[in-house]
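Q: I'm new to this one, so could you walk me through it slowly once it is on the screen?
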Amino acid sequence: MNPTNYWSAMADAGENLKGVPREILPGVQVYANPTEVARAGARLFVDYAWQSISKYGQFMVALSGGNTPRLLFQFLASAEFRGQVDWAKVHVFWSDERAVPPDDAESNYGMARRELLIRVPIPQANVHRMEAEKANIGRAAHEYEEVLRKYLECDDRGFPRFHLIFLGMGVDGHTASLFPGTRVTRQTSRWVSTPMVGKLNAHRMTLTLPVLDAALRVVFLVVGAEKAEILRAVLEGKADPPYPAQQVQPCDGGLKLFLVDEAAAALIPSIIPQDASSSRGKSTGTIRPKPERSK
Ligand code: 6PG
């Protein structure tokens, strides 16, 4: 049964609609609250894991950092979801990491380990963390590129192809550790980079844009009223230079999907052309074309 019929059947049956998304623009699904966004993210993880394992024999997924994915990890570790994944065939990577030890409160790996990895039967050998705490972070980035080279197939352009990459977005439009105005956003050949982020006065390790664009699927989780302005700007796509989250454009038919909550979506209607808005709110709009990346 196709999703729309399913949801309206659910609605007719008086089912609770909290988990029902409304697609306000193509690739932008709006859920009632952060919990429903996280549950939807967990459902996609399960679906894509099944699809990838049946097609490729394994599932290559990169997790995002920050706070937003915590609920997603908790859902995946829950009785509702953990039994639906063949964890022995899942390989976990990260889209970025802070230059801190794995047991540091700021560690993206550390958070995922506490909330998910120690609660599901994933082999330790399938967990590929970024060792961004190493003194020579540049060499650690090369080592991580070797790990990607060992486990991932490459696309026609020679970039490693993840089956799924989860991303978040900061209020400044950064994603992974690709911050606005930093040279790394113009990186066209490296797979993994180690930008010095001035405003954090710290290094980060991050997958680069070509690797994000090579993914089969990129799913952004964006929640909270504080993200409403930047989400509107990223989806409107007029910013020049474009925000890093706007620059992510999976190629070769790759999917770019935003799972957002009502609070983060509050300003989106303002970018939907009036004549379209009468039918919108129900579904689909336009996402702007790919901004040119300077050679
Ligand atoms: C990180 C992230 C980063 C994050 C955004 C949003 O290491 O910080 O990967 O890109 O996704 O900063 O963070 P929140 O989810 O905490 O708002």
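Q: How many residues surround the ligand, and which are the closest?
A: The ligand is surrounded by 15 residues, and the closest are Thr 68, Asp 96, Arg 98, Ala 176 and Lys 227; a residue is near a molecule if one of its heavy atoms lies within 4 Å of it. Please keep in mind that this is a predicted model, in which local features need pLDDT of at least 70, side-chain atom pairs count only at pLDDT 80 or more, and totals for chains, interfaces and linings use all residues. Residues are numbered from 1 along each chain as its sequence is written, and side-chain values use heavy atoms, with hydrogens and water left out.

Q: What lies 2.7 Å from an oxygen atom of the ligand?
A: A polar side-chain atom of Arg 98 lies at that distance, 2.7 Å from a ligand oxygen, and for Lys 227 a side-chain N or O atom is also 2.7 Å from an oxygen atom of the ligand. From the backbone, an N or O atom of Gly 65 lies 3.3 Å from a ligand oxygen.

Q: And how much of the ligand does the protein cover?
A: On its own the ligand has 410 Å² of accessible area, and the protein covers 88% of this, with areas taken from the Shrake-Rupley method with a 1.4 Å probe.

Q: Back to Asp 96: where is it, and is it buried or exposed?
A: Asp 96 is in strand β5, strands being DSSP runs of E with at least two residues and helices runs of H or I with at least four, numbered from the N terminus. Asp 96 is buried, at a relative accessible area of 4%, where buried means under 20%, exposed over 50% and partly exposed in between, using a 1.4 Å probe and protein chains only.

Q: Which side chain does Asp 96 make a polar contact with?
A: The side chain of Ser 177, at 2.6 Å; a polar contact is a pair of N or O atoms within 3.5 Å, and within protein one must be able to donate a hydrogen and the other to accept it, while residues adjacent in sequence count only if both atoms are side-chain atoms.

Q: What does Asp 96 form a salt bridge with?
A: With Arg 204, where the closest N and O atoms are 3.6 Å apart; a salt bridge is a side-chain nitrogen of Lys or Arg within 4 Å of a carboxyl oxygen of Asp or Glu. Asp 96 lies in strand β5 (residues 96–98) and Arg 204 in strand β9 (residues 202–207), so this pair ties together parts that are 108 residues apart in sequence. Arg 204 is buried as well, with a relative accessible area of 11%.

Q: How many salt bridges are there by that rule?
A: The count comes to 17. One of them joins the side chains of Glu 145 and Arg 190, at 2.9 Å from N to O. That pair links distant parts of the chain, with Glu 145 in helix α5 (residues 137–151) and Arg 190 in the loop between β6 (164–167) and β7 (192–193), 45 residues apart. Glu 145 is buried at 5% relative accessible area, whereas Arg 190 counts as partly exposed at 26%.

Q: What about Lys 238, is it buried or exposed?
A: Lys 238 is exposed, with a relative accessible area of 57%, and its salt bridge with Glu 236 has its closest N and O atoms 3.4 Å apart.
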